[in-house]
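Hi,

Here is the structure I said I'd pass on. Have a look first, and my notes on it follow below.

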Amino acid sequence: MPVFSVPDSALASLSESSRACIQRLLTHEPESSNVHEDLPISKLAAVLVLLYERAGGLRVLLTTRSKQLRSHPGQTALPGGKVDEGDAGVVETAFREANEEVAFPLRSPHVHTLCTLDPFVSRNDLVVTPVVALLDGVSVLEGLCAAPGEVAHIFDHPLEALLDPELARSEALVLLGSEDWPYEAELHNFTDAAWFGSTYRMHRFRSTASPVKGLTADILLGTARIAYARETVFQRWGPGQLRTFAEVRRAMEAVATHSQLPPPTGLVVPTTTVNA
C-alpha cells in the first residue's frame with residue numbers, strides 16, 4: 001500500500017481543525033486495499049476528492065456534468081472516470097481525469113495525495129475508488145477550465161456540511177423550488193429504496209449549483225466522517241443497509257447467480273465504513 005505524506009509547511013498553513021482532519025485522512029487505511037487484483041480493468045474507476053481550505057474550513061472541488069452527456073447529464077460529480085490500460089493505478093486515473101475535465105495540473109508542488117478510500121459501487125456496476133488529496137495553494141484553482149461538452153460548471157462545497165447540512169446555510173445556495181433544488185426540504189433530504197434485499201438511502205444536499213447526491217454524496221459522507229471523526233446529525237443509513245464493499249459485492253454475486261435485479265434509477269451503494 002502506498003505511503004502518502006504532506007510537507008510540514010503545508011500542514012502549518014492550515015487552521016487547527018483542518019490540520020486535524022488532514023492528519024486523520026493521512027493515517028486512514030482502506031479495508032479493501034487489494035480489491036483491484038481480481039477485477040477486470042473495464043470495471044474499475046477512480047475519482048478525485050480534492051480538499052482545500054478557505055476561511056478556516058475545508059472545501060471540496062465539484063463539477064456539474066454537461067447536459068449533453070448521455071450518462072448522468074446535469075448531475076454533480078467529482079472529477080474522475082474509468083481506469084485506462086496505461087494508468088499506473090487509481091491515483092494516476094483520478095488525476096488524469098481531473099486534468100482532462102477541469103485542467104487540474106497533473107503534477108504540482110501544492111497537491112498532496114492523502115489516502116484512498118474503500119471502493120464504492122456505481123449504478124452501472126463500476127468499482128469506484130476515491131482518491132483524497134490536499135491542495136495547499138488555492139491560486140491553482142484560478143487555472144481551472146471546464147472541458148466543453150463534458151463539464152458545465154465548476155464549484156465547491158464545505159466538507160463538514162455533509163455531516164451537518166445547517167453549516168451550508170451561509171453559502172449562496174440555489175433557490176428553493178428551482179431546477180437545481182426542486183425539493184421542499186431546505187438543505188437536505190433522502191429517500192429509501194430496496195436493493196439487493198437491503199435498503200439504499202439516497203441523500204441529497206442543496207449547494208450553490210446542482211444538488212450533491214447519489215454516489216458523489218456517499219463518497220463525501222465517507223470522507224467527512226473520516227476527516228472529522230464524527231457521525232452525521234441525521235440518520236445516515238437505511239434499515240439493514242449494506243455498509244461495506246465486501247457486503248455489497250457478496251450481494252451482487254448472489255443476485256448474479258440467480259436473477260439480475262437492476263439498481264433503482266440514480267442510486268448507488270456506499271461502501272466506506274468509519275474509523276470513518
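**Salt bridges and a buried helix face**

Glu160 is partly exposed, with a relative accessible area of 27%. Its salt-bridge partner is Arg230, with the closest N and O atoms 2.9 Å apart. Arg230 is partly exposed too, at 29%. The two sit in distant parts of the chain, 70 residues apart: Glu160 in the loop between strand 8 and strand 9, Arg230 in the loop between helix 4 and helix 5. Before you read on, keep in mind that this is a predicted model.

Another one joins Arg59 to Asp156, with 3.0 Å between the closest N and O atoms. Arg59 is in strand 2 and Asp156 in strand 8, so this bridge ties together parts that are 97 residues apart in sequence. Here Arg59 is buried, at 12% relative accessible area, and Asp156 is buried as well, at 15%.

Arg236 and Asp218 also meet through their side chains, at 3.4 Å from N to O. Arg236 lies in the loop between helix 4 and helix 5 and Asp218 in helix 4, so the bridge ties together parts 18 residues apart. Both of these residues are buried. Elsewhere, Asp84, Asp87, Arg96, Glu97 and Glu100 are linked in a salt-bridge network.

Now for helix 2 (residues 16–26): which of its residues are buried? They are Ser18, Cys21, Ile22 and Leu25. Down the helix axis they fall within an arc of 95 degrees, so they line one face of helix 2. What covers them includes helix 1, helix 4 and strand 7.

Cheers

Methods. Residues are numbered from 1 along each chain as its sequence is written. This is a predicted model: local features need pLDDT of at least 70, side-chain atom pairs count only at pLDDT 80 or more; totals for chains, interfaces and linings use all residues. Side-chain values use heavy atoms; hydrogens and water are left out. Buried means under 20% relative accessible area, exposed over 50%, partly exposed in between (1.4 Å probe, protein chains only). Helices (H or I, at least four residues) and strands (E, at least two) are DSSP runs, numbered from the N terminus. The arc is that of the directions from the helix axis to the C-beta atoms. Contact means heavy atoms within 4.5 Å. A salt bridge is a side-chain nitrogen of Lys or Arg within 4 Å of a carboxyl oxygen of Asp or Glu.
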